[in-house]
Amino acid sequence: MSRIFPWKDSGAWRAAGLLLLGVLWFSCSPAPDFPSRGEAWENDVPAYGDEQRLLDETFRIDISEIDVTLTYRPQEAAVDGRARVRFRMRPGQRRPRIHFDPGCRPGVISEWRLDGAARELPDAAFRAVEVVGSAQRILEFAEEVDPAVAHELVMAYRLELPGGYPRFTTAVHDIKGSGNEELFPTLNTPHELARHRLTLRVVGDVPYRCLGSGHVARTNSAAYQEWLLDSEREVASYTVMFVLLPEADTVLREGAIAGIPVRMAAFRGGVAVDPAWAELESWLPQMVADIGPFPMPRGLSVFLVSGGGGMEYFGGTISTPDALSHEVFHMYCACSAVGRTYRDTWWDEAVTCWYDRTYPDYMVPIEAGFRSNMVSGRSPVAVGFDRRAYYQGTQIIETLARRLGGRQEMIAFLSDVHRRHAFAPFGTMDLAEFFRLYSGIDVHSDFQDWFFSAGAVSAALPPAPSALESPPDLTPPEEILRAHGLKRPSAAVRGDGS
Ligand SMILES: [Zn+2]
């Protein structure tokens, strides 16, 4: 996710509030645990053996495929979901767990079938449990399963949407760490890669437009407007994007830039598509030249919005024009090269902010003696990452660049990391090791100080910018709202956005 520039968008707080309201409404999780939980996870390097065990004991399963049919009923502001998840047990595990936040509420799940047999809900199926170190609850299966064979969970459920403008879209918020477990069962942790196939249906005669991650194709269903979205490879669940919006309310430009298929949509009467397209005409070739071939064979899908910030997904983004280049660089760092755990994902923000110079004030080396618990301040199973990624993270990347000899040398290193480690999630100390192997420069003890030290933060730090990291705002322009008989939501229902 990018940050917004508040002087350019006074509506962003309200927009964030509106979106957050929807997110909270979906979620039974307690409040997210940032800025950080300082107590239990300090100084845990180099305990990656322990980390792997903790991840296995917490998340229990290894998902191979997630097939979901989401039938959107705009008239009812509701979605009927049917999901099939194929998985195996992780080493030493017998009782599966899966994330699905709406399922923490009674009555949302209407059917639960494990390996073909229905289980009585809820007690013979699952219970929602707390996880030490995380703010997010998880559904623990009622029974143990054979760890030697693959299993299949089938779940039927109904999601109630917030209502208002008739759209159905992903609303991942990586800073908070809320992902697609608000829409279907999955594991919300970056290292859990799975092939995703989403059948997206819209009920009714109003034509809809669909954009999303991977390969998206309209089917010839007679009963629904229906699209099949296929990630075509294993990806982190929180990187899967889709957008379903009334076609008449949107404009679309399609074409190829530097051989990369690009689809760019926006609200009619909203943000202009052509200037954003023109920006990608120079940005995409620059990234390809610097880092490597565009990582998503089906190219890039963009839904441009006028307010809030942006969110990156696998081969897609929902973004303002201001955040667009930032989000598109995330195709390399975050959506293909990916951190092992949420707390490791400081890296993709730091590199992206460094590459696109999001914060010029922070393009200076980190001061000598800087110590932080940017990574160790939270558990490997916690959701979300530390906001210092944007600021001190940028400075740390600049420090590494200067040790390598400059900007071009650092870009060459990032290209090497991407080429070797895309779709093979890695942790923070792994990155230090990549750096040593690439350059011969040992930064392990620096990394320990910078990311795994008990919060002795130097007083000499530049103040962090006061802007807020914000999700994109999908509220359409006034004219479209009026055409739907809607008004811009009043402040009272927007929430406070914090
Ligand atoms: Zn970002």
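Student: How many residues lie between β1 and β2 in their hairpin, and which residue in the turn has a positive phi?

Tutor: Four residues lie between β1 and β2, and in the turn alanine 77 has a positive phi of about 50 degrees. This is a predicted model, in which local features need pLDDT of at least 70 and side-chain atom pairs count only at pLDDT 80 or more, whereas totals for chains, interfaces and linings use all residues. Residues are numbered from 1 along each chain as its sequence is written.

Student: What makes β1 and β2 count as paired strands?

Tutor: A strand is a DSSP run of E with at least two residues, a helix is a run of H or I with at least four, and both are numbered from the N terminus. Two strands pair if DSSP finds at least two bridges between them; strand β1 (residues 61–73) and strand β2 (residues 78–89) have 12 bridges in the antiparallel sense, so they count as paired. One of these bridges joins aspartate 62 to arginine 88 in β2. β1 also pairs with strand β10 (residues 193–202), here in the parallel sense over eight bridges, and threonine 69 has threonine 199 as its bridge partner in β10.

Student: Why are β5 and β12 called edges of the sheet?

Tutor: The open sheet holds eight strands in the order β5-β4-β8-β2-β1-β10-β13-β12, with mixed pairing. β5 (117–118) and β12 (215–218) each have a single partner strand, so one side of each is left without a neighbour in the sheet. For β12, the pairing with strand β13 (residues 225–236) is antiparallel over four bridges, and alanine 217 has leucine 228 as its bridge partner in β13.

Student: Where is the kink in α3 centred?

Tutor: The kink is centred on leucine 280 and comes to about 25 degrees, where the bend is the angle between axes fitted to the seven residues ending at a residue and the seven starting there.

Student: Which residues of α3 are called buried, and what is the cut-off?

Tutor: A residue is buried if 20 or more other C-beta atoms, placed from the backbone, lie within 10 Å of its own, exposed if 12 or fewer do, and partly exposed in between. In α3, Ala276, Leu280, Leu284 and Met287 are buried, and the buried residues of this helix pack against β15 (250–257), β16 (260–267), β17 (300–304) and α4 (321–329). Of the 498 residues of the protein chain, 50% count as buried.

Student: What makes a set of residues a nonpolar core, and which members of the largest one touch the most others?

Tutor: Such a core is a set of buried Ala, Val, Leu, Ile, Met, Phe, Trp, Tyr and Cys residues joined through C-beta atoms within 7 Å. The largest has 128 residues, of which Cys210, Leu244, Phe303 and Ala350 touch the most other members. Helix α5 (residues 346–356) gives the most to this core, with seven residues.

Note on methods:
Contact = placed C-beta atoms within 7 Å.
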